[in-house]
Amino acid sequence: MSVRRLAKEQPASWDFAPVTLEKAHWWISKYPQSRKQSAVIPILWLIQKQDGWVCEPAIRKLAAMLEMPVIRVLEVVTFYTMFQLEPVGKAALIQVCGTTPCMLRGAGDLMKLCADKIGHKDHISADGLFTWQEVECLGACVNAPMAQINDYYYEDLTPQTLGQIIDDFRAGKAPKPGSYAGRHTCEPAGGATTLTDPALYDGSKAAPVKIPNAPEPA
Amino acid sequence: MPKAKVNGVEVEFEPGMTVLQVAELAGEEIPRFCYHERLSIAGNCRMCLVEVKPGPPKPQASCALPAADNQEIFTNTPMVKKAREGVLEFLLINHPLDCPICDQGGECDLQDETIGYGRDDTRYQENKRAVEEKYMGPLVKTVMTRCIQCTRCVRYVAEIAGVPEIGMISRGEDAEITTYLEQAIHSEMTGNVVDLCPVGALTHKPWAFNYRPWELKKTETIDVMDAVGANIRVDARGSEVMRVLPRTNEAINEEWIDDKTRYACDGLMRQRLDKPYVRKGKQLVEATWAEAFAAIAAKVKKAAPDRIGVIAGDLQDAESMKAALDLFTALGSPNIDCRQDGMVLGSGPRESWLFNTTIEGLEQADAVMLIGTNPRLEAPLVNARLRKAWLASGVRIGVVGEQADLNYGYHYVGAGIASLQQMFDGHDKIAAQKPAFIVGSGVLRRPDGAAILNAIGAGAAKFGVVKDGWNGFNVLHTAASRVGGLDMGFVPGKGGLTATDMARKGALDVLFLLGADEIDLSASDAFTVYLGTHGDAGAHKADVILPGAAYTEKAGLYVNMEGRPQLANRAVFPKGHAREDWAILRALSESLGAKLPYDSLNALRAKLIADHPTFGQVGYAPGSKPAALDLVKLGAPGKVSDEPFKSPVTDFYQTNPIARASVTMAECSALAASLRSKPAAAE
């Protein structure tokens, strides 16, 4: 993490899209009228969903909407690294996990690939389609190395599979999320090695259990 | 009351106090950076760690921990010492060691605590962090690398100043204090953030690199920039006033002062009148005191007593006004006035021109009506009190006049007399036990001021503004000398002219201006004598200039809007050939053949107090004496024009000759003007 600043180039104005506005009002309605600032984080998410990033006019608009000082919104936006303060790639925002398990399993190679195919870290690519970032642990260590691309996790990646995924995004396709090592979610690679007895699953081992302190059946 | 033991000594405390406050009751000083008794508790600097039993076996932040009955508090155990040393070492990791070039040096909390808890060397080998400087306006200089993130400034501007514009962005090591997009802070009370800053991150921009605190001579005195009478300390080096700082006075300014009080002091060194001048032809020519007095005496002796007059200005001390009053009374002139703005008050009981609730007492009001006043510009400290009351008790505030941003929520009633009358008619709908009216001088200086005052008095009577034990009728003056002048009867005698009338063409042969600069004299053709400090409006009009002493250059009594006389002290000597105002008047009286009967300031003061005993009650404000004021007799019935009520102050930073001579104030004024012209930018 480094010092977070608003982008140098900002749009002159910004407005809620109708669908964003509707969802924003739904969030505001969840809180008491005098506490509507509580909706600031959900609505910032919506703004980011609409544009891919949070621009300065949007911060002012949101502050006015929630009747809170604009500096308070800026504090929230800069506090949370999940809010993008610069425009991101239109096709994909690739967040490669670089924390220890992923690093040991080859995240460095993924980042090198990203640098080769997309360009500098944290900067939008020349064609405006991609941004890639290194992020801290995304909690999918069992499927390391992995990356979050837009809203989904892409797991068990290799430079080949990630390269293919990037190419698919560039081609306008929506690659399937999940493991790219051929396993179902986080099952052991190469199949299960324990709890393999089918009798575990057919109910035959089920025996009536006396639960202590359970009320007697009437 | 609950009891606790502090280092084995038992103390009683009020329920709700924190461990830190209880320890202070027992006389133990707790080091702190983020905690401040007038701000909300943040608990983020961790410097105030103490050991508490019963409790977990670890140090506790005493500022944020409520004290409990039978608690044992330890502030000097090895664990506490080690914990504080650890905290301080962490704070110093990123704090630069630039004390020799830091303006806070010598009065820095971090320096002081380092004496007590610092290590002799550093164990930190890595690079220190560096933070970009932030623009916060023309008054606050930032060196953000020095910031220790105590967030006092953030809390001050949000809570006391009421402009939530400073914030802490990012987090962890990257946390930075800034205003939104580095705009200037839109407040009249920004200077206080520098006082609050425990390190040198925020310093005074106008005084950067000008002084070291230990080389200044400190004088405790009274401010004259408005009628609040804030308690200040004037720090001087040689003949120059280097800075002005607040002194704590709970009844008046707590521990804040506004930016004009603080930063207008560079105006004391500019545009000064330092020798007498006499007009010869069209030119003002330097003269000796004797020549100046002779020129005045020649004119005064030719003039009939009712063709001479005196107008006192807004910054005058009571003694000089008393000397002028006695002199002109002795000369037989009834033309005496201290109300250069044409205000109607001055006859009747003293309570009719005082701020009767007192500033502190305003906090007890449960409904406040602001009539034709913008306290944010006229008296920022009164406005801060109103905001404090509004935050604490939710006092209901109504406004008739300009719809300005006052830093608190209010109900806007209307612009002029019609909406005021409408509100008075519906008085039974507004239930209030302790209602207070604050009447601005803007309405009282209008030609129909007496009629407005009469209408306000009648309305106030309906609301029960004055009742047993409560007097809620307040006049918000803007001139520091005004209440003193009215108290001593510095108003026209029988058949005398008011200031407004004296300024008319052909009204007088000789007009004496005692520091009066805020009156339009373009029509006057009288021979004008100006006794004052700055080459401002009065001096430009003058035929004879007598150089006087500014408020930092003389001892004197000032009566603030509450009617509280306060003693100001001399911090530096008058400039050049200038003398103290009373001494000039005393010398002049001899030339005019009406020698004043006092040879020292003490004798003059004794006469003042003998003639007007209220001046002897130094530091005392009468406050809410039971029903001394008959509201319906205020003013005079008459027709009121439907012109909207206006505040007399449009440019807060340029209200008197000292402020107009100040470069800093000019800069603030220009910035404020640019913001007024595009209010949307701040949003």
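1. Domains of chain A. In this predicted model, chain A is assigned domain 1 (18–79) and domain 2 (92–179); such bounds come from an automatic or database domain assignment. The C-alpha centres of domain 1 of chain A and domain 2 of chain A are 29 Å apart. Residues are numbered from 1 along each chain as its sequence is written, and chains are lettered from A, with ligands numbered from 1, in the order in which they are written. Because the model is predicted, local features need pLDDT of at least 70 and side-chain atom pairs count only at pLDDT 80 or more, while totals for chains, interfaces and linings use all residues; side-chain values use heavy atoms, leaving out hydrogens and water.

2. Helix packing in chain A. Helix H2 (residues 40–51) of chain A packs with helix H4 (residues 70–79) of chain A at an angle of about 70°, and the axes are 11 Å apart. Helices (H or I, at least four residues) and strands (E, at least two) are DSSP runs, numbered from the N terminus. Axes are lines fitted to C-alpha atoms, for helices over the stretch in contact, and the angles run from 0 to 180 degrees between N-to-C directions. H2(A) and H4(A) are therefore roughly perpendicular to each other (65 to 115 degrees; under 35 is roughly parallel, over 145 roughly antiparallel, the rest oblique). The crossing of H2(A) past H4(A) is right-handed, meaning that the near helix is turned clockwise from the far one by less than a right angle.

3. Aromatic residues of chain A. Over all chains, the structure holds 16 aromatic pairs (ring centres of Phe, Tyr and Trp, the last by its six-membered ring, within 6.5 Å; planes under 30 degrees apart are stacked, over 60 edge-to-face, the rest tilted). One of them is the edge-to-face pair of A:Phe79 and A:Tyr80, at 5.0 Å centre to centre and 65° between the planes. A:Phe79 and A:Tyr80 also belong to one aromatic cluster with A:Trp45 and A:Phe83. A:Phe79 is partly exposed at 35% relative accessibility, and A:Tyr80 is partly exposed at 31% (buried is under 20% relative accessible area, exposed over 50%, partly exposed in between; 1.4 Å probe, protein chains only).

4. Charges over rings. The ring of A:Phe79 has the charged end of B:Arg171 over it, 5.2 Å from the ring centre. The criterion is NZ of Lys or CZ of Arg within 6 Å of the ring centre and within 35 degrees of the ring normal. Within chain B, B:Lys260 lies over the face of B:Phe652, 4.5 Å from the ring centre.

5. Domains of chain B. Chain B is divided into domain 1 (3–91), domain 2 (99–207), domain 3 (277–346 + 481–616) and domain 4 (350–479 + 622–648). Taken over C-alpha atoms, the centres of domain 2 of chain B and domain 3 of chain B are separated by 45 Å.

6. B:Ile93. This residue is in helix H2 (residues 78–93) of chain B and is buried, at 19% relative accessible area. B:Ile93 and B:Glu126 are 33 residues apart along the chain, with 9.0 Å between their C-alpha atoms.

7. Backbone points to check. The peptide bond from A:Ala144 to A:Pro145 is cis, with omega near -10°; A:Pro145 lies in the loop between strand E2 (130–135) and strand E3 (147–149) of chain A. B:Lys53 and B:Pro54 are likewise joined by a cis peptide bond, with omega about -5°. B:Glu254 is not a glycine but has a positive phi of about 50°, and B:Glu254 is buried at 7% relative accessible area.
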